[in-house]
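Trainee: May we go through this model together? I would like to begin with the packing of its helices.

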Amino acid sequence: MNTQVIISKLRNKHFLSLVGNGSMSVLAMVTVGILLRNMTSADIGYWFFFQTTFSLIDTFRVGFLQTAMIKFYSGAEREKADAVLGSVWYLSLLITGVLIVVNILAAFAIPFIDNFGMETVIKWFGITFLFTLPSSVAAWTLQSDQRFDSLLLIRVVSQGAFILMLLVTIFFANLDLNLVLLINALSSITVSLFCIYQGWTRMKTFSKRTKEWILELFHFGKYSVGTNISTNLLRSSDTFVIMFVLGTAGPAAITMYTMPMRLMEVIEIPLRSFLSTAMPSMSAAFNRGNKEEVVGIMQKYAGTLVLALFPVSVVAVILADIAIVILGGSQYSGSHAVSVYRIFMSFAMFYPIDRFLGITLDIIHQPRINFYKVLVMLGINVTFDFIGIHLFGNINGVALATFFTFLSGVLFGYYWLKKYLDFTLIGFFTAGFAEIKTMAQEYLLKNKTAK
């Protein structure tokens, strides 16, 4: 195989997307490992709580604009693309400004708040939210353009800067919560300045915004934002329930619960990669009126992932204790973190079906139904969280609630998507098997030809 062929394969969008998500997740786990070995469980719990809350609020900006931008920007002519991006900049600045004003007003309520986690969020949210704006728009633009090589660079710079600042700080001082929050803000502005320098933010398109596209993005986004916020709240509701129900034990319990969540990246890495490459293709197929192609892409990607992740899940369940010890240290061996990870991985290989059903509803212009789907899942999750804590008295009950949440999402998504597209649930497995079989045959044929 010559150098040109190797370079061509390395530049493949699927490979770059996978490497981008993979490197980000690996670096994120390295970060968690550093923190677990240099901070108290309570401080780490508060840091995880800040991240969860920040991500939830940030979803208002991301959810309102990211999916809408990919839908209308991907494959568009330059004039239309510039108008869409300029309108995205307008709305993103508006959303950022409004939420910072709300944050400033909330600061006056700090003396009346009897929760250290919420106080921390109020003190650090605004500045961090502002610093992440340029890099967020740059990432949406690069994803829409399918420039996954540049997107990979953004992710590496972002997490790499954070880790480097952490290590320098550890060398000179004891790491505490406030220092970590300061480092987080500094690394955020660093990556945003890098994106501006590279020209990836395309801020000059702001002048090309139009009232028509602002309204179009707004009307699409008002449904997708609800879906995204609900989806994020679905992921973060466990953290909020643990923090407020378990009381003083909450921060340490959050640490235990978040560790296996971080290790779930073994599922999330390929899932996010497949979603980011499938979305533009599915949007283009639907815009051409080819519903069969939309179904084909959805089932091929999701089905392939389900079958490929099955052996990964089995190994993860068996080696759960080892994985937890590698991430957090021997003090977490045999803890609830291990049992929670086993519970998650016992059915996590089926996540791609639920995720692709939801994103396909957005692609076919049914964000409202996807929003309702996530609301149903959120209601099921919170209900079973409380039931689980009541029955088990610990975070194992919260982890078990996730199964019922996932099942409700698949059933609801399938029922409604079936009204618009002709497909079956078994089709995910047949399409995935066919794709894996084709890839295996191509691999064997290449090896045979090479010999």
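This is a predicted model: local features need pLDDT of at least 70, side-chain atom pairs count only at pLDDT 80 or more; totals for chains, interfaces and linings use all residues.

Trainee: At what angle do α10 and α13 pack?

Mentor: Helix α10, residues 250-263, meets helix α13, residues 320-328, at an angle of about 105 degrees. Their axes are 10 Å apart.

Trainee: And how are α10 and α13 oriented to each other, in words?

Mentor: Angles of 65 to 115 degrees count as roughly perpendicular, and α10 and α13 are therefore described as roughly perpendicular to each other.

Trainee: Which residues make that contact?

Mentor: From α10, the contributors are Met 259, Pro 260, Arg 262 and Leu 263. From α13, they are Ala 323, Ile 324, Leu 327 and Gly 328. In the contact of α10 with α13, six residues are nonpolar, one is polar and one is charged.

Trainee: Now α14 and α17: what are the angle and the axis distance there?

Mentor: Helix α14 (residues 336-345) packs with helix α17 (residues 395-417) at about 10 degrees, and their axes are 9 Å apart. That angle makes α14 roughly parallel to α17.

Trainee: Changing topic, which residues make the nonpolar surface patch?

Mentor: The patch covers about 670 Å² and consists of Phe 310, Val 314, Val 315, Ile 318, Leu 319, Ile 322 and Ile 326.

Trainee: Which element gives the most to it?

Mentor: Helix α12 does, with four residues. Both α12 (291-318) and α13 supply at least two residues each. Leu 319 is located in the loop between α12 and α13.

Trainee: Finally, how many salt bridges does the structure hold?

Mentor: There are nine. One of them joins Arg 78 and Asp 82, whose closest N and O atoms are 3.2 Å apart.

Trainee: How are Arg 78 and Asp 82 placed in α4?

Mentor: They are four residues apart in helix α4 (residues 78-107), so about one helical turn separates Arg 78 from Asp 82.

Technical notes:
Residues are numbered from 1 along each chain as its sequence is written. Side-chain values use heavy atoms; hydrogens and water are left out. Axes are lines fitted to C-alpha atoms, for helices over the stretch in contact, and angles run from 0 to 180 degrees between N-to-C directions. Angles under 35 degrees count as roughly parallel, over 145 as roughly antiparallel, 65 to 115 as roughly perpendicular and the rest as oblique. Contact means heavy atoms within 4.5 Å. Ala, Val, Leu, Ile, Met, Phe, Trp, Tyr, Cys and Pro count as nonpolar, Asp, Glu, Lys and Arg as charged, and the others, Gly among them, as polar. Patches are made of residues with over 30% relative accessible area and no salt bridge: like charges are joined within 9 Å, nonpolar side chains (Val, Leu, Ile, Met, Phe, Trp, Tyr) within 5 Å. Accessible areas come from the Shrake-Rupley method with a 1.4 Å probe; for residues, only the protein chains shown count as cover. A salt bridge is a side-chain nitrogen of Lys or Arg within 4 Å of a carboxyl oxygen of Asp or Glu.
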